[in-house]
Amino acid sequence: MNVTTPTSTPTTPTRPASAPRPGTGPDVPRRVAVVGAGAAGTLTAVQLLHRAARRRVPLEVYLVDPADAGPGVAYGTGDVRHLLNVPADGMSAFPDDPGHFLRWLAAWERCPAAPGDFVPRRTYGRYLTHVLERAVEGSAVWGRLHHVRRRVVDVVDAGCGAEGVVLVLADGERLAVEAAVLALGLRPPGCAWAPPVLRGHAAFVADPWAPGALEAVPATGEVLLVGTGLTMADVALSLAGPDRVMHAVSRHGLAPYGHRSGSRVAVPLPPALEGLVDSEGLAGLRRAVLRHLARTRRTVGDWRPGVDSLRPCTVALWQRLSDADRVRFLREDLRCWEVHRHRLAPATAATVQQLRDQGRLTVAAAEVTDAREAGPSVEVRLSDGRVLTVAAVVNCTGAPAELTGSTDPLHRALLRRGLATVGPAGLGLATATDGRLRPTADRAVAPLWTLGLLRRGELLETTAMPEIREQAAGLAEAVLDVLATAGPDVAGHRSGRVGRREG
């Protein structure tokens, strides 16, 4: 394969003369791509660099994403009112150093935080960027990071009997690597629910997290928010004005609860939950969880510690459910679980409640059934009989986890080529315990891994930072283990090169 070096931004200094010379023999650096530069991709790159340095393995990491590394969609907001939904002491980038984020706040932001504080999400985005910069500096002898500011649209075999994969970039160039991690993050919210007239109207905000999207919303006039979850709360804070009325609707009409301020109480797990699932399935699990929450409320005065106590066993419980029970949980229980489990920062919850008390925000169970133009505004008909004339309709339905209807070319290519299969209950992708993709039965397992939202079908709980950092650490170790057992000259592509697509 004739190859040329990809256009990328190296973010490390040249390897010191005392370090192994890449290019010959066993010192040729291994090559790993991380597709996606948001929180999950950033932490994966950090862990790869750290662990390569510990193992004294020369490593080239290619972080492939047009966007800057670090914040991603989750932490890229510029609105200081958008707060983390997890206390500061739960947001360390490193599972083996829980105080790291708190120390960083004190040392680099000059704003010491208490363990239970909820800080702005944009501050956390800066933290992720800084963590990556320090990892690059600290591993310069053994690792180099290249930021390839392009989008991956396809993955193909390395060819010539080689191990590894080739990433096809949007401009047709190819990046050959020995392993790749798909840290694809959050997809834009789906719009299938919106009538065609609404989707084509200037008043429709299809993705509130797209750069400048909320700035296009008029300063006056009523607004319809479709979706009543965490995104709705953030958008309501951004758009709230003294004369603004916002209407939030969803099929269930359930809005997230808030965390309680003050000290946190730990309560023991209810006994033998896993055995109960094995014997009674979802019905028995429902009864046991309700009893546990009622008992927690009686003993400590609040149900929240009971929900939090389930976190260590949530994945195991999900995986013990039958396929039919998983589908039933998603249909009948998921929304109720999410509003109790994924809660708002206390300050955010208080502001949202104040808006509701003042009549400036309503939350109801309803769906959009029709829409028509009304000049610069849009008239929307709801399933509860209301007809609203609003200045904007904002899609707050959140990132979809199902891939079967995805239009993303990389998602489609992975499934079409059989390199990946759809995950349990139709969510995300099927993976092994270390996050490695499970191919179709007629394909060999490729050196492809994933983490975060794409593992939802396997894990259910997989998008919060405590889960992401654990996955990034374990996945980095698994990738380096596989590379350590690979041949000394994988595909002859160790030179790390990229060429134009042929044909």
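## Aromatic pairs

In this predicted model, a search of the whole structure finds 9 aromatic pairs. One of them joins phenylalanine 101 and tryptophan 104, whose rings are stacked, with 6.2 Å from centre to centre and 15° between the planes. Both residues belong to helix H2, where they stand 3 residues apart, about one turn of the helix. Phenylalanine 101 is buried, at 0% relative accessibility, and tryptophan 104 is buried as well, with a relative accessible area of 5%.

Tryptophan 318 and phenylalanine 329 form another aromatic pair, and this one is edge-to-face, with 6.0 Å between the ring centres and 65° between the planes. Tryptophan 318 is part of helix H8 and phenylalanine 329 is part of helix H9 (residues 323–332), so the pair ties together parts that are 11 residues apart in sequence. Tryptophan 318 counts as buried, at 2% relative accessibility. Phenylalanine 329 is also buried, with a relative accessible area of 12%.

In soluble globular proteins, nonpolar side chains tend to be buried together.

## The second largest pocket

The second largest pocket has a volume of about 560 Å³. Its lining is made up of 21 residues, and the closest to the pocket centre are Val289, Leu293, Leu310, Phe329 and Trp337.

The largest share, 8 residues, comes from H6. Sorted by class, the lining has 16 nonpolar, 2 polar and 3 charged residues.

The structure holds 32 salt bridges. In one of them, aspartate 68 is joined to arginine 149, and the closest N and O atoms are 3.0 Å apart. Aspartate 68 is found in the loop between strand E3 (59–64) and helix H2 (100–108), while arginine 149 is found in the loop between strand E4 (143–148) and strand E5 (152–157), so this pair ties together parts that are 81 residues apart in sequence. Aspartate 68 is exposed, with a relative accessible area of 53%, whereas arginine 149 counts as partly exposed, at 41% relative accessibility.

A second example joins the side chains of aspartate 157 and arginine 443, at 3.1 Å from N to O. Because aspartate 157 lies in strand E5 and arginine 443 in the loop between helix H12 (409–416) and strand E17 (448–450), the pair ties together parts that are 286 residues apart in sequence. Aspartate 157 is partly exposed, with a relative accessible area of 47%. Arginine 443 is likewise partly exposed, with a relative accessible area of 25%.

## Further salt bridges

The side chains of aspartate 384 and arginine 386 meet in a salt bridge of 2.9 Å, N to O. Aspartate 384 has a relative accessible area of 38% and is partly exposed. Arginine 386 is partly exposed too, with a relative accessible area of 26%.

Salt bridges can also link several residues into a network, as they do for Arg286, Arg328, Arg331, Glu332 and Asp333.

## A residue of helix H5

Leucine 230 lies in helix H5 (residues 230–239). Is leucine 230 buried, exposed or partly exposed? At 29% relative accessibility, leucine 230 counts as partly exposed. Along the chain, leucine 230 and aspartate 65 are 165 residues apart, and their C-alpha atoms are separated by 26 Å.

Terms used: Residues are numbered from 1 along each chain as its sequence is written. This is a predicted model: local features need pLDDT of at least 70, side-chain atom pairs count only at pLDDT 80 or more; totals for chains, interfaces and linings use all residues. Side-chain values use heavy atoms; hydrogens and water are left out. On a 1 Å grid over the protein atoms alone, a cavity is a set of points where a 1.4 Å probe fits but cannot get out, and a pocket is an open set with protein on both sides within 12 Å along at least five of seven lines; lining residues have an atom within 4 Å of a point. Grid points are joined across faces, edges and corners, and a volume is the space filled by probe spheres set on the points. Helices (H or I, at least four residues) and strands (E, at least two) are DSSP runs, numbered from the N terminus. Ala, Val, Leu, Ile, Met, Phe, Trp, Tyr, Cys and Pro count as nonpolar, Asp, Glu, Lys and Arg as charged, and the others, Gly among them, as polar. A salt bridge is a side-chain nitrogen of Lys or Arg within 4 Å of a carboxyl oxygen of Asp or Glu. Buried means under 20% relative accessible area, exposed over 50%, partly exposed in between (1.4 Å probe, protein chains only). Rings of Phe, Tyr and Trp (its six-membered ring) pair if their centres lie within 6.5 Å; planes under 30 degrees apart count as stacked, over 60 as edge-to-face and the rest as tilted.
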